[in-house]
Amino acid sequence: MGSPMGSFLDSVSDHGLESDSEESQTESTQIEEDLALLEAMVSVARNNGANNFNHKRQKTSTAANPGSSTPGSDESHADDEGEGLVAKAQYMETWESMWAKKKEFETFKENRKNERHDQIMALEKEKLELKKKDLELRQQMRDCTVMSMDISGMNETQQKYFLSLQDEILARRFGAGSG
């Protein structure tokens, strides 16, 4: 069956998925439009299928005997039922095909959503690691400043304070004080 969704799904599977690009957003819009088209086609198929089953056609043939194919005859009624069954089978096949494509598309959308979620989680994790490294670097800079201070020109209280800070730094770094 040459429906627009068949070629659409083939083309989607051939393309890479970049979540933040304009191409991806355009593709997503196209996907939404194709899904709406698919739903409209299903609706039309349902309406046409219902109309075909309610309006049975009378079989007419120029070669047939006029008395053998009257509207009330059993032969005419059997042919109409056969045509109705064929039409119903075609309708069901079309509907099942469209339903399968819709499910495939929904699975595709869910996979894209999960991929975006995974990408966001990875970026958030990386962001937290960078913040942690930044805090460690800032702490090292403060520690370096405290450790390199000249406390000889300070009063006794200030000297005790900075010596205790230096002991804390050494304890944190090496697990032992200087004392």
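Colleague: What share of the 179 residues in the chain do buried residues make up?

Modeller: Buried means under 20% relative accessible area, exposed means over 50%, and partly exposed lies in between, with a 1.4 Å probe and protein chains only. Here, buried residues come to 19% of the chain's 179 residues. This is a predicted model, where local features need pLDDT of at least 70 and side-chain atom pairs pLDDT 80 or more, while totals for chains, interfaces and linings use all residues. Residues are numbered from 1 along each chain as its sequence is written, and side-chain values use heavy atoms, leaving out hydrogens and water.

Colleague: Thanks! How many helices and strands does the secondary structure of the chain come to?

Modeller: Helices (H or I, at least four residues) and strands (E, at least two) are DSSP runs, numbered from the N terminus. This chain has four helices and zero strands, so the order from the N terminus is written α-α-α-α.

Colleague: Where does UniProt place the feature "coiled-coil region"?

Modeller: The unreviewed UniProt entry puts that feature at residues 113-143. UniProt positions follow the numbering used here, feature names are shortened, and annotations may be inferred rather than shown by experiment. In the model, residues 113-143 are 100% helix and 0% strand, with 45 Å between the end C-alpha atoms.

Colleague: Now to the inside. Which residues form the largest nonpolar core?

Modeller: In soluble globular proteins, nonpolar side chains tend to be buried together. A nonpolar core is a set of buried Ala, Val, Leu, Ile, Met, Phe, Trp, Tyr and Cys residues joined through side-chain atoms within 4.5 Å. The largest one has seven residues here: Ile31, Leu35, Leu38, Val42, Met98, Phe105 and Phe108. At least two of the core residues come from each of α2 (22-54) and α3 (74-147), and α2 gives the largest share, four residues. There is also a second, separate core of five residues, among them Val146, Ile151, Leu165 and Ile169.

Colleague: And Gln166, which residues does this one touch, not counting residues up to four places away in sequence?

Modeller: Contact means heavy atoms within 4.5 Å. Gln166, in helix α4 (residues 156-174), touches Val146, Met147 and Met149 beyond that sequence limit. Gln166 is buried, at 13% relative accessible area.

Colleague: How many salt bridges does the structure hold?

Modeller: Side chains of opposite charge can pair when their charged atoms come close. A salt bridge is a side-chain nitrogen of Lys or Arg within 4 Å of a carboxyl oxygen of Asp or Glu. The structure holds five. One of them joins Asp134 and Arg138, with the closest N and O atoms 3.1 Å apart; both residues lie in helix α3, four residues apart, or about one turn of the helix.
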